[in-house]
Amino acid sequence: MCAAAPRRRFTGTGLIVATHNAGKLREIVELLAPYGIHVSSAAEHGLPEPEETGTTFLANAELKALAAALAAGVPALSDDSGLAVDGLDGAPGIYSARWAGPAKDFGAAMARVERELDERGTTNRRAHFISALTLAWPDGHYESFEGRISGTLTFPPRGDRGFGYDPCFIPDGLNQTFGEMHEATKHRISHRARAFSQLVEACFAS
Ligand code: IMP
């Protein structure tokens, strides 16, 4: 059996967060804060949003980070994430953002999840969030990590914190939705935090 190749360490002082999603940008900036890395956004660099043509979270994270790193000439970190609902065979999954339509209406996206569950006649409300993170370098090298958190959906959605599908998701072991709890609590346990701690361990920690 082959040993896993060593991960490339991040030795720079700055990176681009390759996202145009303000909620994700805020969370990633907070997660990076302890590492003294100068963070800029794809929007600040005038980078276009690449089309997400991948069929997995990892493939989409990789194409977004590589596009930004190659265009800007500095390392880039991307997140591709979404909500996978058991009773909908994993939908919306990689289409989580697209279910909100051009108006990015997540109230409508959460209503669609509830409607489609009802249409299937299922009482199964199990779901999980997944986050794939990719750190890419301008020479085309990249490292990827995946984190997930399981929970139960609740309708109507509750809370106005967080973003996206947060108000309808109650993580296992807690009784508040991600939309109700303090950001710091979400950041300790979320799918993104779990992917991020693997990234830190592999690429940042000294
Ligand atoms: P994408 O990764 O840009 O395709 O977008 C992922 C979409 O998944 C976001 O627009 C949100 O709707 C949803 N999503 C991902 N992470 C979270 C989260 O932490 N909370 C709520 N919704 C999320």
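How much space lies in the largest pocket? About 880 Å³, and the ligand takes up the space of this pocket. The model is a predicted one, so to speak with its own ground rules: local features need pLDDT of at least 70, side-chain atom pairs count only at pLDDT 80 or more, and totals for chains, interfaces and linings use all residues. Residues are numbered from 1 along each chain as its sequence is written, and side-chain values use heavy atoms, with hydrogens and water left out.

**The ligand and its shell**

- There are 19 residues around the ligand, with Lys24, Phe106, Asp166, Lys186 and Arg192 coming nearest (a residue counts as near if one of its heavy atoms lies within 4 Å).
- On its own the ligand has 490 Å² of accessible area, and the protein covers 96% of that (Shrake-Rupley method, 1.4 Å probe).
- β3 (76-85) and α5 (191-204) are the elements that give two or more residues to this shell, and β3 has the largest share, with four (helices are DSSP runs of H or I with at least four residues, strands are runs of E with at least two, numbered from the N terminus).
- Sorted by class, the shell holds eight charged, six polar and five nonpolar residues (charged means Asp, Glu, Lys and Arg; nonpolar means Ala, Val, Leu, Ile, Met, Phe, Trp, Tyr, Cys and Pro; the others, Gly among them, are polar).

**The largest pocket**

- A pocket here is an open set of points on a 1 Å grid over the protein atoms alone, with protein on both sides within 12 Å along at least five of seven lines; lining residues have an atom within 4 Å of a point.
- A molecule sits in one if more than half of its atoms lie within 2 Å of its grid points.
- The lining runs to 36 residues, and Asn21, Lys24, Glu49, Glu52 and Ala97 lie nearest the centre.
- At least two lining residues come from each of α1 (22-32), α2 (57-72), β3 and α5.
- The lining splits into 16 nonpolar, 11 charged and nine polar residues.

**The cavity**

- One cavity of 30 Å³ or more turns up, where a cavity is a set of points where a 1.4 Å probe fits but cannot get out.
- The largest cavity has about 40 Å³ of space (a volume is the space filled by probe spheres set on the points, joined across faces, edges and corners).
- Its lining includes Arg26, Glu27, Arg161, Asp166 and Lys186.
- α4 (183-189) and α1 each give two or more residues to that lining, with α4 giving the most, three.
- Six of the cavity's lining residues are charged, two are polar and two are nonpolar.

- Most residues other than glycine have a negative phi, and most peptide bonds are trans.
- Ala91 to Pro92 is a cis peptide bond with omega near -5 degrees, and Pro92 belongs to the loop between β3 and α3 (106-120).
- That loop also holds Asp89, whose phi is positive, near 55 degrees.
- Phe155 to Pro156 is cis too, with omega near 0 degrees; Pro156 is in the loop between β5 (142-153) and β6 (169-171).
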